[in-house]
Amino acid sequence: MAAGRGGVAMLPNRGARASRCLRAGMKARATDPYGFRRALRELGWEPARLFVAEHFLQRLVGMIALKPCCSEGSSSATDGNARRELRPPSVVMAFPRCSSIHTCLMRMRIDVAFLDRDGKVLAVYRNVRPWRVCSYHGAVSVIERLSG
C-alpha cells in the first residue's frame, strides 16, 4: 500500500476486470438476494412462478390457498375426443429466514428443498404428505412446490 495525502493509506488498483466482476456479483446478489432462482435451476424446478413469503400472513397461508392444477397426463373428454391438457408453469413458494415447515391443513403433497445462505440446496424432501413437519439444521431458507 502506498501512502496518500495526509498519511492515509491507499489501496492498490485492482484493475478494471476485478472491478467488473465485483459489480456483477453484487448485481446478481441484488436481483436474487436469497439465491432462490439458483436453487430452482439446480433442482430442475424451472419454469416456475416464484412467490417469496416475506410477511406473516403470506407465511401463514403459504401454499394452502393454491388450487391443484391439471397434470400433464390428464385428459378431458370434449366433443368425444380425449385431448391432453398442458400444465402451466409450477408455482414455487419461498420462505426466507426459515429452517422448518409444516404441512398442516394442506390437501396435497409437496416437494420441499432447504437452502443455505447462497442458495445451494442442502436437502430435498419429495412427496411430503399433509400433517407433517420437516426441518433441516443449518438451513437459512426453504422453497416448496406441489408434488407432481
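This is a predicted model: local features need pLDDT of at least 70, side-chain atom pairs count only at pLDDT 80 or more; totals for chains, interfaces and linings use all residues.
Local features were taken at pLDDT of at least 70 and side-chain atom pairs at pLDDT 80 or more, while totals for chains, interfaces and linings use all residues. Residues are numbered from 1 along each chain as its sequence is written, and side-chain values use heavy atoms, with hydrogens and water left out.

The protein has three helices and 11 strands. Helices (H or I, at least four residues) and strands (E, at least two) are DSSP runs, numbered from the N terminus. From that end, the order is β-β-α-α-β-α-β-β-β-β-β-β-β-β. Of the 148 residues, 28% count as buried. Buried means under 20% relative accessible area, exposed over 50%, and partly exposed in between (1.4 Å probe, protein chains only). Among contacts (heavy atoms within 4.5 Å) with a separation of 6 or more, 66% join residues 24 or more positions apart.

Aspartate 32 sits in the loop between helix H1 (16–31) and helix H2 (36–43). It is buried but has no salt bridge. A salt bridge requires a side-chain nitrogen of Lys or Arg within 4 Å of a carboxyl oxygen of Asp or Glu. The nearest side chain of opposite charge, arginine 41, is 5.5 Å away. Lys and Arg count as positive and Asp and Glu as negative; His and the chain ends are not counted. The side chain of aspartate 32 instead reaches the backbone nitrogen of arginine 37 at 3.0 Å. It also reaches the backbone nitrogen of arginine 38, at 3.5 Å.

Helix H2 has four named buried residues: Phe36, Ala39, Leu40 and Leu43. Seen down the helix axis, they fall within an arc of 100 degrees, so they line one face of H2. The arc is that of the directions from the helix axis to the C-beta atoms. These residues pack against strands S3 (48–52), S6 (90–96), S8 (110–115), S9 (121–128) and S11 (141–146). Glycine 44 follows H2, with a positive phi near 80 degrees.

Three aromatic pairs were counted. Rings of Phe, Tyr and Trp (its six-membered ring) pair if their centres lie within 6.5 Å; planes under 30 degrees apart count as stacked, over 60 as edge-to-face and the rest as tilted. Phenylalanine 114 and tyrosine 125 have ring centres 5.7 Å apart and planes at 85 degrees, so the pair is edge-to-face. Phenylalanine 114 lies in S8 and tyrosine 125 in S9, so the pair ties together parts 11 residues apart in sequence. Phenylalanine 114 is buried, at 0% relative accessibility. Tyrosine 125 is partly exposed, at 32%. Ring pairs link Phe114, Tyr125 and Tyr136 into a cluster.

Key
A polar contact is a pair of N or O atoms within 3.5 Å; within protein, one must be able to donate a hydrogen and the other to accept it, and residues adjacent in sequence count only if both atoms are side-chain atoms.
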